[in-house]
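Colleague: I have a model open here. Please walk me through it.

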Amino acid sequence: MKKEDEIQVNKVLNMGQLFVNLPVMIVMFGLMWLSYYLKEAEIISMMLTSFGFILSFILGWLTWSVLVPLWRIWAFGKIEEEFYYYLKQEAIYAMLIWPDGSFFEKTEIRTKEQKLKIKAINDKIDELMEDEYNY
């Protein structure tokens, strides 16, 4: 892999951190902070504060579930096909996506169009890996 190709893969991974994980953290910690603040201001009870903390995880996961397919399609569109497998492995390592078939990967919320695009990406990865294995 040439240095400029590696740089491009790193750029799309960094954009994933900004586009996916930053909003997730803002949703989660923002709601946790709001719940704590309202409790300290004696506006809500401890029970509602606990509910706010639980809700923060649910809404954070929902945010991830919607944003990650968008990033995934965008990211693979920004690099050469020969680097798809590398990007996928690095995205898993960076905890942007989960391995294929895992419970968490199945929680992604994808439209029919997104499902088709992601399937095409995965099919291309399988094809490239099969070609490499046959050499």
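Colleague: What classes of residue line the largest pocket?
Modeller: The lining has eight nonpolar, two polar and no charged residues. (Ala, Val, Leu, Ile, Met, Phe, Trp, Tyr, Cys and Pro count as nonpolar, Asp, Glu, Lys and Arg as charged, the others, Gly among them, as polar.) This is a predicted model: local features need pLDDT of at least 70, side-chain atom pairs need 80 or more, totals for chains, interfaces and linings use all residues, and side-chain values use heavy atoms, without hydrogens and water. Residues are numbered from 1 along each chain as its sequence is written.

Colleague: Which residues line that pocket?
Modeller: Asn21, Val24, Met25, Met28, Phe57, Gly60, Trp61, Trp64, Met95 and Trp98. (On a 1 Å grid, a pocket is an open set of points where a 1.4 Å probe fits, with protein on both sides within 12 Å along at least five of seven lines; lining residues have an atom within 4 Å of a point.) H1 and H2 each supply at least two of the lining residues.

Colleague: And what volume does the largest pocket have?
Modeller: About 200 Å³, as the space filled by probe spheres set on the points.

Colleague: New topic. How many helices and strands?
Modeller: Four helices and zero strands. (Both are DSSP runs: H or I of at least four residues, E of at least two.) The pattern along the sequence is α-α-α-α. The radius of gyration is 19 Å, well over the 14 Å that the globule rule gives for 135 residues, so the protein is more spread out than a compact globule. The C-alpha atoms fill a box of roughly 65 × 30 × 25 Å along the principal axes.

Colleague: How do H1 and H2 cross?
Modeller: H1 (residues 3-40) and H2 (residues 46-77) have axes that come within 8 Å and cross at roughly 170 degrees. That makes H1 roughly antiparallel to H2 (angles over 145 degrees).

Colleague: What is in their contact?
Modeller: The contact of H1 with H2 has 24 nonpolar residues, eight polar and one charged.

Conventions:
Axes are lines fitted to C-alpha atoms, for helices over the stretch in contact, and angles run from 0 to 180 degrees between N-to-C directions. Angles under 35 degrees count as roughly parallel, over 145 as roughly antiparallel, 65 to 115 as roughly perpendicular and the rest as oblique. The radius of gyration is taken over C-alpha atoms; the globule rule is 2.2 Å times the number of residues to the power 0.38.
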